[in-house]
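The following briefing concerns the structure shown below.

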Amino acid sequence: MSITYLEAIRAAQARALADDPRVFIYGQDVGAFGGAFKATKNLAQQFPGRVVDAPISEDAIVGLAVGAAIEGMRPIIEMQFADFSTAGFNQIVNQAATLFWRTNVPCPIVVRLPSGGTSGSGPFHSQNMEAIYAHYPGLLVLTPATVEDAYSMLLEAVALDDPVIFCEHKLLYYHLKAERLPTEALPVGKARLARAGRDLTIVAYSAMVHEALAVAEELRTEGWEIEVVDLRSVKPLDTDTVMASVARTGRLLCVGESWPWGGVTAEVIARVASEGFGLLDTAPQRLNAKDTPVPFHPNLWAAHRPTARSIAAAARSLLRS
Amino acid sequence: MVQAATNAATTDAEASFRELCRRAYRLMLLARIAEDKVASLYRAGQIHGGVFVGRGQEALSVACGLALQKGDVFAPLIRDAAGRLAFGEPLIDGIRTYLGSRLGPMRGRDGNVHRGYPREGYLPMISHLGAMISVVNGVLFARRLKGVAGTVGLASVGDGATSTGAFHEALNQAAVERLPLVLVVANNQYAYSTPNSRQYACRDLADKAAGYGVECQRLDGTDLRACLRLLTETVSRARNGAGPQMIVASLLRLCGHGEHDDASYVDPKLKGAPLGRDCLKAAEEQLLLQHAATTSELEGWRAEALEKVERTVARVQHEPAPDPFTEEWRAIASAALVETPGTRPVVKHAGINLSLA
């Protein structure tokens with residue numbers, strides 16, 4: 001038996017619904033239809049009245065979730081595409097993210113964002129939103145890269161007392177597989193050492209972890225041992241694990257699929273440079289998507305985001321410096 | 001015999017309505033006096049940030065608060081001091097929030113009209129207009145999922161909020177889910193300085209409700225008796241399953257947007273129009289005309305309210321301000337997930353033990 005990243009997300013939601021009567025799912029097309037990506041397939045039938053179609057109103061979808069959380073529920077809301085969460089941005093960053101600080105009342109909601117580019121999806125169905133949400137106090141931002149994490153982190157997200165932005169990568173939905181669902185997991189807030197090495201640390205998250213692992217394998221044949229750190233959650237950011245890795249390797253490349261200005265890779269580099277400058281043997285580098293909207297055509301799309309090829313080139317250059 | 005019973009019932013209903021009017025008037029008066037006091041503190045430089053008062057909206061606001069019962073949900077807006085008191089907010093909460101007392105509901109983290117107790121169904125507004133409506137929907141939706149029946153949620157907005165996407169989305173959402181929402185629009189003719197003519201082009205704001213399949217009633221927001229009657233009736237309709245309800249009340253904001261604003265842009269013709277009358281004075285005249293209160297009672301109530309406000313302000317002025325050194329500075333409930341950057345001792349190549357996870 002094998003299970004995909006998408007099936008893990010569906011299984012986590014099914015389990016959350018089964019285990020906790022406070023959980024419900026609300027979003028566009030999530031009901032009988034089972035969601036645009038089928039992440040809620042059959043859940044409306046299995047849990048009548050608790051998997052509910054919403055009008056195309058992202059603002060009101062998030063607002064309703066906040067109200068339900070105040071009333072003690074644990075809503076999971078699906079943004080059909082991460083890109084559309086901008087239409088609910090105000091409720092996420094000003095309503096959900098400020099509630100606990102202002103009132104001492106927690107706001108346990110999970111906002112699922114089908115994120116990232118797939119070939120042919122274009123500027124409005126391909127975005128990665130983790131940087132902009134991580135910027136706001138009061139939100140937790142999770143970016144699972146594996147089937148196991150997609151499952152365990154979604155369950156943990158539902159259990160957490162804070163608003164969680166759950167960035168699930170669409171490119172991993174169908175292709176990434178595991179033998180079984182995990183029975184134990186690292187907690188949210190801990191990064192994972194995805195591959196041990198000694199010559200260079202590549203810090204990545206979400207789909208870029210797999211590109212980084214491919215690069216590590218490729219460079220092994222050239223005699224390099226690359227360490228890959230999977231951040232798992234970008235907020236909180238496990239600086240300790242990153243710093244420990246850089247302490248071993250002395251070299252840092254940080255890779256993200258998001259745009260270059262600010263963001264997670266900039267944050268990681270800033271922390272390592274300011275808190276661990278002496279650990280570095282050479283200037284840290286980062287690699288991001290190009291600073292343009294995400295292009296539609298496969299030729300342009302493939303060159304827009306970091307790939308194993310561009311990451312390998314950046315890694316070689318760092319290893320030689 | 002039947003006639004006598006009917007007469008007795010009518011007399012009872014009249015007496016209880018008269019009592020409601022008296023209660024409402026006293027709350028309006030307390031709100032007006034408290035806000036006048038806060039405005040004078042603002043002018044004396046004793047308030048941080050803005051002051052936003054409900055002068056001219058007290059009749060509508062108090063009717064909202066009084067129409068709700070314990071267990072209902074209320075999302076007031078900036079001009080709802082009277083409604084907040086009527087819903088059960090202690091006077092001291094507003095004063096504490098304005099003066100930034102650490103003992104207030106917002107502990108100095110948020111101020112002025114941004115206050116409430118979410119778990120008690122009293123929702124603290126954010127500044128983005130229309131944003132509270134869907135939150136009220138969420139509380140009502142959750143109650144339905146939990147099998148709690150018979151409660152109502154009331155959200156208060158102004159004419160300006162009817163132009164926001166949040167208003168549209170939330171009213172439509174309430175209609176689709178058929179939630180017991182009462183949406184009260186105080187059309188006070190200006191959104192900050194923007195007149196109705198630049199805010200919307202429909203014939204009447206009430207027409208907007210029809211577009212969502214929502215029932216809407218129009219109301220003279222300067223008439224306390226009309227406000228009390230319609231709010232009571234509308235809240236009860238929502239409670240009995242008639243679906244979301246909207247009310248559009250016409251009135252005039254008898255002040256600036258905030259105390260920083262002299263409102264020089266308000267059309268003098270509106271001030272002289274029926275909707276420009278002061279609802280508090282009108283309520284006073286109604287009480288006297290209906291023999292529901294005497295002049296000396298009114299004077300007594302005023303003196304009592306003044307004394308209460310002065311006493312409360314004096315008390316709060318001696319309360320501690322928030323302390324940045326003892327403040328927790330934590331925006332998330334999950335204490336274990338708080339990051340403390342810049343506090344990490346790092347030793348190079350110190351054999352830090354990391355296992356493959």
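Chain B has eleven helices and seven strands, where helices (H or I, at least four residues) and strands (E, at least two) are DSSP runs numbered from the N terminus. This is a predicted model, in which local features need pLDDT of at least 70 and side-chain atom pairs count only at pLDDT 80 or more, while totals for chains, interfaces and linings use all residues. Residues are numbered from 1 along each chain as its sequence is written, chains are lettered from A and ligands numbered from 1 in the order in which they are written, and side-chain values use heavy atoms, with hydrogens and water left out.

**Chain B overall**

- Taken along the principal axes, the C-alpha atoms of chain B fill a box of roughly 95 × 50 × 45 Å.
- Of the 357 residues in chain B, 54% are buried; buried means under 20% relative accessible area, exposed over 50%, and partly exposed in between (1.4 Å probe, protein chains only).
- Among contacts in chain B between residues at least 6 apart in sequence, 73% join residues at least 24 apart, a contact being heavy atoms within 4.5 Å.

**Interface of chain A and chain B**

- The size of an interface is often given as the accessible area lost when the parts come together.
- Here the area buried between chain A and chain B is about 4800 Å², and carbon and sulfur atoms give 61% of it; buried area is the accessible area (1.4 Å probe) that two parts lose on being put together, summed over both.
- Glu71(A), Trp101(A) and Arg102(A) supply 18% of the area that chain A buries against chain B, more than any other three residues.
- In terms of contacts, 61 residues of chain A meet 51 residues of chain B.
- There are four salt bridges between chain A and chain B, a salt bridge being a side-chain nitrogen of Lys or Arg within 4 Å of a carboxyl oxygen of Asp or Glu.
- Across this interface, 21 residue pairs are in polar contact (both at pLDDT 80 or more). A polar contact is a pair of N or O atoms within 3.5 Å; within protein, one must be able to donate a hydrogen and the other to accept it, and residues adjacent in sequence count only if both atoms are side-chain atoms.
- The elements that give two or more residues to the side of chain A that touches chain B are β2 (23–27), β3 (51–53), α3, α4 (89–103), β9, α8 (239–249) and α9 (263–275) of chain A.

**Salt bridges**

- Over all chains, the structure holds 42 salt bridges.
- Arg143(B) pairs with Glu71(A), the closest N and O atoms being 3.0 Å apart. This pair crosses between chains, from helix α5 (residues 131–146) of chain B to the loop between α3 (58–70) and β4 (74–78) of chain A.
- Both partners are buried: Arg143(B) has 9% relative accessibility, and Glu71(A) has 16%.
- Glu339(B) and Arg271(A) also meet in a salt bridge (2.4 Å, N to O).
- Within chain A, Arg316(A) forms a salt bridge with Glu222(A), with the closest N and O atoms 2.7 Å apart. Arg316(A) lies in helix α11 and Glu222(A) in the loop between α7 and β11 of chain A, 94 residues apart.
- Arg316(A) is partly exposed at 22% relative accessibility, as is Glu222(A) at 38%.
- Within chain B, the side chains of Glu215(B) and Arg237(B) meet in a salt bridge (2.5 Å, N to O). Glu215(B) lies in strand β6 (residues 215–220) and Arg237(B) in helix α8 (residues 224–239) of chain B, so the pair ties together parts that are 22 residues apart in sequence.
- Arg203(B), Asp204(B), Asp207(B) and Arg218(B) are linked in a network of salt bridges.

- Helix α7 (residues 208–220) of chain A has 13 residues and should span 18 Å at 1.5 Å a residue, which agrees with the 18 Å between its end C-alpha atoms; the expected span is 1.5 Å times one less than the number of residues.
- In α7(A), the buried residues are Met208(A), Val209(A), Ala212(A), Val215(A), Ala216(A) and Leu219(A). Seen down the helix axis, they fall within an arc of 120°, so they line one face of α7(A); the arc is that of the directions from the helix axis to the C-beta atoms.
- These buried residues of α7(A) pack against β9 (192–195), β10 (200–204), β11 (226–230), β13 (252–255) and α11 (308–320) of chain A.
- Ten of the 13 residues of α6(A) are buried, so this helix is largely enclosed by the rest of the structure. Among them are Tyr151(A), Met153(A) and Leu154(A).
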